[in-house]
Amino acid sequence: DQPIPNLPGKRLVSLVVDYAPGGSTAAHRHPGSAFIYAYVLSGEIRSQVDDEPARVYRAGEAWFENPGAHHRVSANASETKPARLLAVFIVDTAEEQLVSPDNH
C-alpha cells in the first residue's frame, strides 16, 4: 500500500489472493475509484467481470477491471490444485474497503 507521488489522492495497493482447491470468493464489487490489474501467479482462475463471458486464466495470464466493475465469478478452476492471484489496485487514498460482497 503506497501513495502514488505523481497522482495526488491515489494509492497503489497490491494483494495476493490464495484459492484452495475448488475455492472461490463471493460475487463482489470494488470501490468506484478502483482500477485493477489481476495476474495469475499459479494455477488456474475462473473469472467473470460485468457481462463478459466467464473465462479461465492460467499462470502468466492477466486481466483488467474497470472502476465500479462487478466481479461475478472469482474461483479456482481446479478441484485438486491451489491457485494464486496478484491483484494490483489503483484507488483513491481515502478508500478503506477494497472489496464489497454482493448482498444476497
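Two strands are taken to pair if DSSP finds at least two bridges between them. Strands (E, at least two residues) and helices (H or I, at least four) are DSSP runs, numbered from the N terminus. Under these terms, Arg46 has Val56 in β7 as its bridge partner.

The model is a predicted one, in which local features need pLDDT of at least 70 and side-chain atom pairs count only at pLDDT 80 or more, while totals for chains, interfaces and linings use all residues. Residues are numbered from 1 along each chain as its sequence is written, and side-chain values use heavy atoms, with hydrogens and water left out.

**Overall form**

The protein has eleven strands and zero helices. Its radius of gyration is 14 Å, close to the 13 Å of the globule rule for 104 residues, so the protein is as compact as a globular protein of that length. That radius is taken over C-alpha atoms, and the rule is 2.2 Å times the number of residues to the power 0.38. Along the principal axes, the C-alpha atoms fill a box of roughly 45 × 30 × 20 Å.

Of the 104 residues, 33% are buried; buried means under 20% relative accessible area, exposed over 50%, and partly exposed in between (1.4 Å probe, protein chains only). The accessible surface comes to about 6,200 Å², and 53% of that surface belongs to carbon and sulfur atoms. Areas come from the Shrake-Rupley method with a 1.4 Å probe. Among contacts (heavy atoms within 4.5 Å) with a separation of 6 or more, 71% are between residues 24 or more positions apart.

**Strand pairing**

Strands of a sheet pair through backbone hydrogen bonds, either parallel or antiparallel. In this protein, five strands form an open sheet in the order β1-β2-β10-β5-β8, with antiparallel pairing. Strand β5 spans residues 35-42 and is joined to β8 by four bridges. Within this pair, Ile36 stands opposite Glu65 of β8.

Strand β6 is joined to β7 by four bridges, and the two run antiparallel. A further five bridges join β6 to β9, also in antiparallel fashion. Ser47 has Ser74 in β9 as its bridge partner.

| Residue | Relative accessible area | Class |
|---|---|---|
| Phe64 | 52% | exposed |
| Asp50 | 31% | partly exposed |
| Ser78 | 16% | buried |

Phe64 lies in strand β8. Leaving aside residues up to four places away in sequence, Phe64 touches Phe35, Ile36 and Tyr37. Leu98 is 34 residues from Phe64 in sequence, and their C-alpha atoms are 15 Å apart.

Asp50 is in the loop between β6 (44-49) and β7 (55-58). These two strands form a hairpin with five residues between them. Most residues other than glycine have a negative phi. Asp50 is not a glycine, yet has a positive phi of about 50°.

Ser78 belongs to the loop between β9 (70-76) and β10 (83-92). With residues up to four places away in sequence not counted, Ser78 touches Pro21, Gly22 and Glu44.
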